[in-house]
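Biologist: Hi! Could you walk me through this model when you have a minute?

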Amino acid sequence: MHIKEVCLEGFKSCATRTVVPGFHPYFNAITGLNGSGKSNILDSICIVLGITTLQQVRASNLQELVYKQGQAGITKATVSVVFDNSDRTRSPLGYEDCPEITLTARNSLCTLQIVVGGRNKYLINGHLAQPSRVQNLFHSVQLNVNKPHFLIMQWRITKVLNMKPPEILSMLEEAAGTRMYESKKEAALKTLEKKQSNGRI
């Protein structure tokens, strides 16, 4: 599964519907002038992945994700990412028969919702989905969106370069999707040790 297309509407600097097609399965470079919205494309992908830490998308509140913070008559931000799912061996669980998976995140704002911080909606192939279902979809392909070490934003580059070897190893395990199994293994070993000490085994 890999990104095929990103569509933004009312998101940050994109007032009107903007489609970014032609993603390569292995390597992509986004180029452009300063302030042209390169980072906003990455931010939009973060939102669709279900990454809820606003620092990752360079915003202090959900209102800042909407074009001109809703002051220009646009009160809704919509981001859709189309994933190519033609390789069945790498499909998320339950989506093996879908050649494409479209994930959409909507952040609707009105006068009242600006005060409370906005409201997110997620859709998978046009059907309303809970954020937990979005996370489960990515977990099934070993992508841990709760600890997105697979994504290194500009402000984290210096921190990563200064990491010690054990920290780098931990980050690589998270990015590769093997760390979650280590956590489960550690939990199982603790349970086994506890039962052995109680004389049950």
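Biologist: What is the mean pLDDT of the protein?

Modeller: The mean is 80, and 88% of the residues reach 70 or more; pLDDT is the predictor's confidence in each residue, from 0 to 100.

Biologist: Which element has the lowest mean pLDDT?

Modeller: Helix 2 (residues 111-116), with a mean of 27, whereas strand 2 (residues 18-20) has the highest, 91. Across residues 109-117 the pLDDT is below 50. Where pLDDT is low, the predicted coordinates should not be read in detail.

Biologist: Switching topic, what volume does the largest pocket have?

Modeller: About 880 Å³. Among its 26 lining residues, Met1, His2, Ile3, Pro25 and Leu143 are the closest to the centre.

Biologist: And which helix gives the most to that lining?

Modeller: Helix 1, with three residues.

Biologist: Now Leu151: buried or exposed?

Modeller: Leu151 counts as buried because its relative accessibility is 17%, and buried means under 20% relative accessible area (1.4 Å probe, protein chains only).

Biologist: Where is the place of Leu151?

Modeller: In the loop between helix 3 (131-139) and helix 4 (157-161). Leaving aside neighbours within four places in sequence, Leu151 is in contact (heavy atoms within 4.5 Å) with Cys46, Ile51 and Arg156.

Key: Residues numbered from 1 in each chain as written. Predicted model: local features only at pLDDT ≥ 70, side-chain atom pairs only at ≥ 80, totals over all residues. Heavy atoms only, no water. Helix = DSSP H or I, 4+ residues; strand = E, 2+ residues; numbered from the N terminus. 1 Å grid on protein atoms, 1.4 Å probe; cavity = no way out; pocket = protein on both sides within 12 Å on 5 of 7 lines; lining within 4 Å. Points joined across faces, edges and corners; volume = space filled by probe spheres on them. Buried < 20%, exposed > 50% of the residue type's maximum accessible area, 1.4 Å probe, protein only.
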